[in-house]
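My notes follow in the order I looked things up.

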Amino acid sequence: MGAGLGLALRIGRRVGTLAIVFLGVTFIIYIAVYALPGDPIRALAGDRPLDESIVEALRVKYNLDLPIWQQYLAYLGGLFHGDLGSDFTGRSVGSLMASRWPVTIALALTAWVMEVLVGLSIGIVQALKKGTALDHGLLALTVLASCVPVFVLGVLLQQLFGVRLGWLPVAGVRDGWPASYLLPAMVIALFGLSAVSRLMRGAMVDNLSADYVRAGRAKGFGQGRIVGVHVLRNSLIPASTYLATDLGYLLGGTVVIEGIFNLPGVGNLLFDAIRTHEGPTVVGVSTALILVFLVTSVLVDVIHVGLDPRLRRA
Amino acid sequence: MLDPELLELAPAAPRRSGVRRLVRQWTFMVPAAVIAVLLVVSLFPSVFAGIFGNGDPRVCDLYRSAGNPTAGHPFGFDTQGCDVYANVVYGARSSIVVGLTATAISVSIALILGVIAGFFGGGFDQVVSRLTDIFLGFPFILGAVVVLNSVGSRNALSVSVVLGIFGWPTMARLVRGSVRSVAGLDYVLAATTMGLSRLRIITRYVLPNAISPVLIFATISIGVVIVAESTLTYLGVGLAPPAISWGLQIAAGSRHFQTSPHMLLYPSIFLAITVLCVIVFGEGLRAAFDPRRHQ
């Protein structure tokens, strides 16, 4: 069987799963928002009381007079047209988000690159110095960093590097990329370091005692060539699998950090919407972020399979 | 007919050696001790809150708003002039209650669905696996944000239920995997041939030998849930006043960090230590009972 066919099969299966997951996820969101106790029309009105006739008209307008499955289909149809609902002032959530995506993507990618570079380096150092104080110290530091909630870490680093030392901007995007993004990206990356470095360390420790390493030594290859060329490449797989899925999480998971650092990204829109009780905006933005997560994870998986021929056989 | 005693030959979960190894490690015993203390604190907060003589978290004096630590108030005061130490002590209860309740819900769902998928297989397996995929499709707390946003009353129970509902998929996969590996073994076959009911086979012979990986994972997940609760609370869709929780204290403290850092630092330190201990404890269990390490 050709490698191309294997790849196509895997992509096909992945897209099929994506379709099921997409339907399931949107249905759960739909149920959560419209079928749980609580009146979406009253929620739409915020704190002000509404006239009965207006409530009726809005019910018809938002299909709330139809049976639930028809409502869901109408909602799904809207999603396919990019309709994520509108906020209290009638602006569509989709257009509110449009100008904010670049900020979120820039932040997520910066954080991801930091996580890759620092996480892999830590794992490599740990594996090469296995069992030493350095190994244990790095493990303790990365685990500790992953246990401090991001919003605490965010506020602390903001104070340290932004206010006390004045090295980096405290908040906002006035200084553009990279200056304004370094600090928030660092906070996000710190959280992921423990997983990345642990996977890298584990794989490298296993690989360093593998037969092909002994064969390489027997052939007289230097440590640099064995580790740098062979061990490193073979050890990257577990960490890269994690990093691949993590990119999707980062795109959806920057909500708190964008809020703390006042970066005008999509996450910040959600952060503000929660604080101002803009229910429809919360739902629209979360839905968009979840969908981006789903699509990213499939895309990244496909690229990953393309890069690692062994995965095609699975 | 087969002697029921034969069934007692079923392989026991690897317990003894792991426990003995664990007790000798300070990286396991220290977190275990801290967790034990935290459990006692959350059961009897009034005893611990009163150590410095001002044990009522709701006795507040606005004149001392955001005041620095003084005698009798080692952690200082919050913006309402309430004793931060007493609030931090009482806050432990929210975190631990939500952590345990949500994880218990996740584990229950995971056990039921994982056993159905792993033991009965076929169509059941397909349905459960797709359901698992769907719930894994929600990144971190976003699903919880959507649901909690539309739930009117947000309290420890509703936050726990929502976090529990989004927390089970990985555990269900674990249960499914270990149930499948046990379900084909001879002693299960023997039990089936003896005509034992499926429920009895599952509860007496399959689950006891398939449950340890998921319980170990669940321990770690308690730490993850505690962070998730505080994040949701910080965002404004988790616990709300008059509840006393570290998330609420941190949210309030982060707004006044420059002028009165103690309001943010103390609840944060307690939260971080709790999560750290729970996760290290769980990792210790995992390392001790991981069959690959015994070889």
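Predicted model: local features only at pLDDT ≥ 70, side-chain atom pairs only at ≥ 80, totals over all residues.

**Core**

I looked up the largest nonpolar core and found 139 residues in it. The members that touch the most others are Ile29(A), Met97(A), Leu270(A), Val145(B) and Leu163(B). The top contributor is helix α4 of chain B (residues 84-120), which gives 16 residues. I also noted another core lying apart from this one, with 13 residues, including Met200(A) and Leu243(A).

Next I picked Leu163(B) and asked what it is in contact with beyond four places in sequence. I got Val98(B), Ala102(B), Ser106(B), Ala144(B), Val225(B), Ala228(B), Glu229(B) and Leu232(B).

**Chain B overall**

I counted 13 helices and 0 strands in chain B. Its C-alpha atoms fill a box of roughly 80 × 45 × 30 Å along the principal axes. Of its 295 residues, 51% are buried. I then took the contacts in chain B between residues at least 6 apart in sequence, and 71% of them join residues at least 24 apart.

I checked α4(B) for length: its 37 residues reach 53 Å from first C-alpha to last, close to the 54 Å expected. Just after α4(B), I found Gly121(B) with a positive phi of about 60°.

**Where the chains meet**

How many residues of chain B are in contact with chain A? I got 40, and they touch 40 residues of chain A. The buried area between the two chains comes to about 3,300 Å², and carbon and sulfur atoms give 78% of that. On the chain B side, Leu142(B), Tyr234(B) and Leu235(B) supply 18% of the area it buries against chain A, more than any other three residues.

I went looking for charged pairs and found 1 salt bridge between the chains. Glu283(B) makes it with Arg198(A), with the closest N and O atoms 3.3 Å apart. The most come from α13(B), with 11 residues.

**Ser286(A)**

Is Ser286(A) buried or exposed? Ser286(A) counts as buried, because its relative accessible area is 0%. I placed Ser286(A) in helix α14 of chain A (residues 279-307). Beyond four places in sequence, Ser286(A) touches Leu270(A) and also Leu142(B), Val145(B) and Val146(B).

Asn262(A) has a positive phi of about 50° although it is not a glycine. I found Asn262(A) in the loop between α12 and α13 of chain A. I put Asn262(A) down as partly exposed because its relative accessibility is 47%.

Then I came to Pro241(B) and Pro242(B): the peptide bond from one to the other is cis, with omega near 10°. Pro242(B) belongs to the loop between α11 and α12 of chain B.

Notes. Residues numbered from 1 in each chain as written. Chains lettered and ligands numbered in written order. Heavy atoms only, no water. Core = buried A, V, L, I, M, F, W, Y, C linked by side-chain atoms within 4.5 Å. Buried < 20%, exposed > 50% of the residue type's maximum accessible area, 1.4 Å probe, protein only. Helix = DSSP H or I, 4+ residues; strand = E, 2+ residues; numbered from the N terminus. Contact = heavy atoms within 4.5 Å. Expected span 1.5 Å × (residues − 1). Buried area = accessible area lost by both parts, 1.4 Å probe. Salt bridge = Lys/Arg side-chain N within 4 Å of Asp/Glu carboxyl O.
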